[in-house]
Amino acid sequence: MRGYLPDYDLSSTENLTEAFGKLAEGEKPFAGGTDIMVLMDAGVLPAGRYFDISKLKELGGIKVLKDQVSLGALATYSDVRNHKTIQKHFPILVESAKEVGAIAIQNRGTVGGNIANASPAADFPPCLLVYEAKINLISSSGLRTLDYTQFHLGYKKSEIRPDELIQSVLLEPRFLDYHHFWRKVGSRQAQAISKTMVAAIAKVNRRKIEDIKIAFGSVAPTAVRCRKVESFLLGKKLTSEVILEAKNILTKDIQPIDDIRSTGKYRLIASQNVLEEFLCGIG
Amino acid sequence: MKKLKLLVNSKTFTVDCHPFARLLDVLREELKLTGTKEGCGEGECGACSVIMDGKLVNSCLVPALQAHNKKILTVEGLSNKSMSPLQKAFIQCGGAQCGICTPGMLIAAHAMKTRKKNPSKEDIREGLSGNLCRCTGYSQIIESVQKCGGRS
């Protein structure tokens, strides 16, 4: 049954100072609503006061700075997929944004919401892990910057404190000479949450791997970098034996489970196969 | 309760409503614009699609507060005195059967045509990928949108 409206409130917020005051009183931020309104419809949204952050300029927009690109927490999937610099330097962010829900969801869902929800099935985190992003968290005591790898602590658990908001994600455009690969495995093309997904980039010189970064989503409590596979592949030429061994090692990097969307067994095999698809495409 | 101003189909409306109420319910119950339908209520089926400040959204996922002072286009706003070319094409091509998905399909197609002047079949398929139809099998809907080309 849907949530009972009088148990909730939603207020507009004009600036960050006001937002920090509301956080201190235990209010929760509301941006695009593509998760919160669904929880409300299902009757499982915690009752209480929420505040609309969608007008906070400090959290918005995609900015191309001197050595980095800043994705504001309020940038939508549509903003990401239509941005020329993102398309050029971070193509798998664009690919993943195109596969979130469908156009109406992409117009409303935000980068910050995708991260803050801390779901292992969120589409951006694997990309942010391989692009070695940083995340800016802002509170009344100032800004702190973390490596994105430090942000997700466990299933729906993250580094964010109750007094903080996600301000932006920072990306360094240093992967132009890399192969970029994104593959989401779901029940259908649109409106599906993934059973497994991989984001991967690699620099290859004469079939030898000079650098490689691989991350999976939906197959562990958080999105995960596959460090064991990466260190095995580094410096190697991609022969069929090497690819086979990489698929075996993947079982040590991911821990897929059975749930409503798939089984652990299917997820493991599908993950190994998409890893193979990536590696075969770059050798 | 909050007093909110909505600009729906070029008319200004003032409503008293809960800020967390769904835009879908405000349109249907307060403004009596029942063209916009509820299907799943969770952003999956597209039956409640409307265009807000030029962007396609699921009105079941928009809280009323965020529609304050926004321009909203619903299916009622697509036709003036007569039906739009897109609506006529849906009739000619059999793009509507039971009709529940049709307002959302029309709105999503309208939004897609606003973004892409000469949409390819792929553009049409993507533009309508958030809208479910359980009658037509989709082919007739895609044909309807193709038939009227860049016009909507």
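1. Helix axes here are lines fitted to C-alpha atoms over the stretch in contact, and angles run from 0 to 180 degrees between N-to-C directions. Helices (H or I, at least four residues) and strands (E, at least two) are DSSP runs, numbered from the N terminus.

2. A word on the source: this is a predicted model, where local features need pLDDT of at least 70, side-chain atom pairs count only at pLDDT 80 or more, and totals for chains, interfaces and linings use all residues. Residues are numbered from 1 along each chain as its sequence is written, while chains are lettered from A and ligands numbered from 1 in the order in which they are written.

3. Have a look at helix α2 (residues 85-93) and helix α3 (residues 102-115) of chain B: their axes come within 10 Å and cross at roughly 130 degrees. B:L86, B:Q87 and B:F90 of α2(B) make the contact with B:T102, B:L106, B:A109 and B:H110 of α3(B); residues are in contact if their C-beta atoms, placed from the backbone, lie within 7 Å.

4. Chain B is assigned domain 1 (2-77) and domain 2 (85-147), and their C-alpha centres lie 21 Å apart. Domain 1 of chain B brings 13 residues to the contact and domain 2 of chain B brings twelve. Strand β3 (residues 49-52) of chain B supplies the largest share of the domain 1 side, three residues.

5. Between the chains, 23 residues of chain B are in contact with 23 residues of chain A. On the chain B side, strand β4 (residues 55-58) gives the most, with four residues.

Technical notes: Two residues are in contact if their C-beta atoms, placed from the backbone, lie within 7 Å. Domain bounds come from an automatic or database domain assignment.
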